[in-house]
Amino acid sequence: MFELIVNILLFIFLVFTFFTHVLEAPVPAMAANNPYALQPDVWPKAIIILLLICIAINIFKIIKKNKGKEDFTLSAFIQSVPKFFTSKMFLGMVILFVASLILDALGFMVTTILVLIAYGFLLGERKIVRLVIASVCIALVLYIVFNGMLSVNLPRGTVGFLRNFALFLESIVSGVKGIFG
């Protein structure tokens with residue numbers, strides 16, 4: 001039942017997004033004046049329509065597969081809600097929500113390290129030294145890939161010394177990029 005409810009909510013959210021953000025999005029004058037240019041709203045419309053079709057098919061499959069089962073009732077779903085709020089899935093969602101709140105203040109590196117440590121602990125790793133080393137290494141690799149190779153500006157943070165640390169890392173990455181081409 002939970003899967004069905006999530007699919008229905010996602011369907012409603014995508015319909016809302018389609019009508020309020022995609023159809024209402026302004027088209028730049030340069031694209032509007034060129035009859036041969038692909039309009040900027042074509043891909044979002046196509047992707048949302050395809051997602052809506054896939055979700056509708058999934059909703060029908062869920063209903064068909066679970067029709068007549070005892071645990072496919074609203075009362076069984078309501079009884080399972082407290083169990084969901086203590087599950088690892090929910091705790092992982094809380095970790096990501098908190099990360100989204102602290103990302104601007106702490107910056108990409110610190111937030112990523114904290115998220116990876118929290119997820120590792122959530123998944124059962126209890127050796128803190130291993131978690132910290134692995135988290136720092138993974139965060140550095142992600143930073144090098146996104147900032148160095150893909151030229152994506154990652155949040156530096158607003159806390160002074162963390163921002164300086166991010167600028168220091170950027171200077172190292174750009175220096176290495178300059179050496180190799």
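**Contacts, fold and surface**

Guide: In this predicted model, contacts between residues 24 or more positions apart make up 60% of the contacts in the chain with a separation of 6 or more.

Visitor: How many helices and how many strands does the chain have?

Guide: From the N terminus on, the elements run α-α-α-α-α-α-α. The chain therefore counts zero strands, and the number of helices is seven.

Visitor: Is the chain a compact globule or more spread out than one?

Guide: Along the principal axes, the C-alpha atoms fill a box of roughly 65 × 60 × 30 Å. For 181 residues the globule rule gives 16 Å, whereas the radius of gyration of the chain is 23 Å. That value is well over the rule, so the chain is more spread out than a compact globule.

Visitor: What percentage of the residues count as buried?

Guide: A residue counts as buried when its relative accessible area is under 20%. The chain exposes about 12800 Å², with carbon and sulfur atoms supplying 75% of that area. Of the 181 residues, the buried part is 23%.

Visitor: Which element gives the most residues to the largest nonpolar core?

Guide: The largest nonpolar core has 10 residues in all: Leu4, Leu14, Phe18, Val22, Ile48, Leu52, Ile55, Ile59, Ile62 and Phe72. Two or more residues of this core come from each of α1 (2-22) and α3 (42-66). With five residues, the element that gives the most is α3.

Visitor: Which residues does Leu52 touch, not counting residues up to four places away in sequence?

Guide: Leu52 is one of the residues of the largest nonpolar core. With residues up to four places away in sequence left out, Leu52 touches Phe11, Leu14 and Val15.

Visitor: How many residues are in the second, separate core?

Guide: Among the members of this second core are Met109, Ile113, Leu169 and Val173. The core is separate, and its residue count is eight.

Visitor: Is Ser135 buried or exposed?

Guide: Ser135 lies in helix α6. Leaving out residues up to four places away in sequence, Ser135 touches Ile113, Leu116 and Ile117. Its relative accessible area is 3%, so Ser135 is buried.

Visitor: How far apart are the closest N and O atoms of Arg130 and Glu125?

Guide: The count of salt bridges comes to one. Arg130 counts as partly exposed because its relative accessibility is 46%, and Glu125 counts as partly exposed at 23%. Arg130 and Glu125 form a salt bridge, the closest N and O atoms being 3.7 Å apart.

Visitor: What area does the nonpolar surface patch that includes Val152 have?

Guide: Val152 is found in the loop between α6 (128-149) and α7 (160-180). At 33% relative accessibility, Val152 counts as partly exposed. The patch is made by Ile138, Leu140, Val141, Leu142, Ile144, Val145, Phe146, Met149, Leu150 and Val152, and its area is about 820 Å².

Visitor: Which residue has a positive phi although it is not a glycine?

Guide: The residue is in the loop between α6 and α7. The phi is about 55 degrees, and the residue is Ser151.

Notes:
Residues numbered from 1 in each chain as written. Predicted model: local features only at pLDDT ≥ 70, side-chain atom pairs only at ≥ 80, totals over all residues. Heavy atoms only, no water. Salt bridge = Lys/Arg side-chain N within 4 Å of Asp/Glu carboxyl O. Buried < 20%, exposed > 50% of the residue type's maximum accessible area, 1.4 Å probe, protein only. Patch = residues over 30% accessible without salt bridge, like charges linked within 9 Å, V, L, I, M, F, W, Y side chains within 5 Å. Areas by Shrake-Rupley, 256 points an atom, 1.4 Å probe, with all protein chains shown as cover. Helix = DSSP H or I, 4+ residues; strand = E, 2+ residues; numbered from the N terminus. Core = buried A, V, L, I, M, F, W, Y, C linked by side-chain atoms within 4.5 Å. Contact = heavy atoms within 4.5 Å. Rg over C-alpha atoms; globule rule 2.2 N^0.38 Å.
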